[in-house]
Amino acid sequence: MAALFCIVVFLLAPFISHTADPDPLLDFCIADLSSSPSFSSFPCKPASNVTSEDFFFDGLMEEGNTSTIFGSKVTPGNVLTFPALNMLGLSMNRVDLAPNGMNPPHSHPRSSESGVVITGKVLVGFVTTGNVYYSKVLVPGQMFAIPRGLVHFQKNVGDKKAAIITSFNSQNPGTVIISTTLFGTQPSIPDHVLSQTFQVDSSVVHSIESKFGS
Ligand SMILES: *[C@@H]1O[C@H](CO)[C@@H](O)[C@H](O)[C@H]1NC(C)=O
Ligand SMILES: *[C@@H]1O[C@H](CO)[C@@H](O)[C@H](O)[C@H]1NC(C)=O
């Protein structure tokens, strides 16, 4: 029995990894976004077409427009906006938060997250799989860490605008926003499933759905 266990562990060992995305096999592979991706990566743009410009991205310079229902805007710097990140297992976002604005509870299925507050005062919180809530109010220069896949949020609790830069160990972390995942799907999840889930009448479900377009 012990021998069998050892053999299983030995066979699995090469697959135990702490990286979110596979390791790159080339120096670089600027994504050719006009081709469809295979697995998580895009095919490379021909090396003869690559220039310095491919390795720099100014998309996070501009403040995002926070006139949204949550008073927040996430500007992504992932492989889809910055093709040099293809195969590098990295990406960054800029999160702008109006006063009282919130990046609502969500999770990233393919990545852990770390972030730093650039301006403002931000409440950052996440919940473990054991339903323990961890949180702290951060000021500029302070960082936070969110383990992969856990539900988390950021909320501006100051009286001025706030901005955060977040980083991910995935070129395309993916985002599951709890509210839209349940109440903004096409087609919608059956009412009876949602009312049973939250132990409320279907009128409450309809009211929430009307805010998320499902
Ligand atoms: C490479 O550059 C050539 C010439 O500028 C252009 O016609 C072609 O579309 C480019 N290919 C890709 C994949 O960017
Ligand atoms: C921000 O978005 C709102 C709502 O979509 C729009 O009305 C407004 O013009 C935008 N502001 C800027 C500066 O783009």
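Mentor: What follows covers the annotated residues, one further strand residue and the ligand.

Trainee: What should I know about the conventions?

Mentor: This is a predicted model, in which local features need pLDDT of at least 70 and side-chain atom pairs count only at pLDDT 80 or more, while totals for chains, interfaces and linings use all residues. Residues are numbered from 1 along each chain as its sequence is written, chains are lettered from A and ligands numbered from 1 in the order in which they are written, and side-chain values use heavy atoms, leaving out hydrogens and water.

Trainee: Which residues does the UniProt annotation "binding site" cover?

Mentor: According to the unreviewed UniProt entry, they are His106, His108, Glu113 and His152. UniProt positions are given in the numbering used here, feature names are shortened, and annotations may be inferred rather than shown by experiment. These residues are spread over 47 residues of sequence, yet they cluster in space, with a largest C-alpha distance of 11.9 Å.

Trainee: Where is His108 found?

Mentor: His108 is in the loop between strand E3 (102-107) and strand E4 (113-119); strands are DSSP runs of at least two residues, numbered from the N terminus.

Trainee: Is His108 buried or exposed?

Mentor: His108 counts as buried because its relative accessibility is 5%; buried means under 20% relative accessible area, with a 1.4 Å probe and protein chains only.

Trainee: What lies 2.8 Å from a polar atom of its side chain, that of His108?

Mentor: That is the backbone oxygen of Gly174.

Trainee: And where is the place of His152?

Mentor: His152 is in strand E8, and it is buried, with a relative accessible area of 1%. Not counting residues up to four places away in sequence, His152 touches several residues, including His106, His108 and Glu113; contact means heavy atoms within 4.5 Å.

Trainee: Let us change topic: what about Asn156?

Mentor: Asn156 is also found in strand E8, which covers residues 151-156. At 1% relative accessibility, Asn156 counts as buried. A polar atom of the Asn156 side chain lies 3.1 Å from the backbone oxygen of Leu97. Leaving aside neighbours within four places in sequence, the contacts of Asn156 include Leu97, Ala98, Pro99, Asn100 and Gly101.

Trainee: Finally, which residues surround ligand 1?

Mentor: Asp32, Pro46 and Asn49 surround ligand 1, each with a heavy atom within 4 Å of the molecule. A polar side-chain atom of Asn49 lies 2.4 Å from an oxygen atom of ligand 1.

Note on methods:
Polar contact = N/O pair within 3.5 Å; in protein donor to acceptor, adjacent residues only side chain to side chain. Helix = DSSP H or I, 4+ residues; strand = E, 2+ residues; numbered from the N terminus. Buried < 20%, exposed > 50% of the residue type's maximum accessible area, 1.4 Å probe, protein only.
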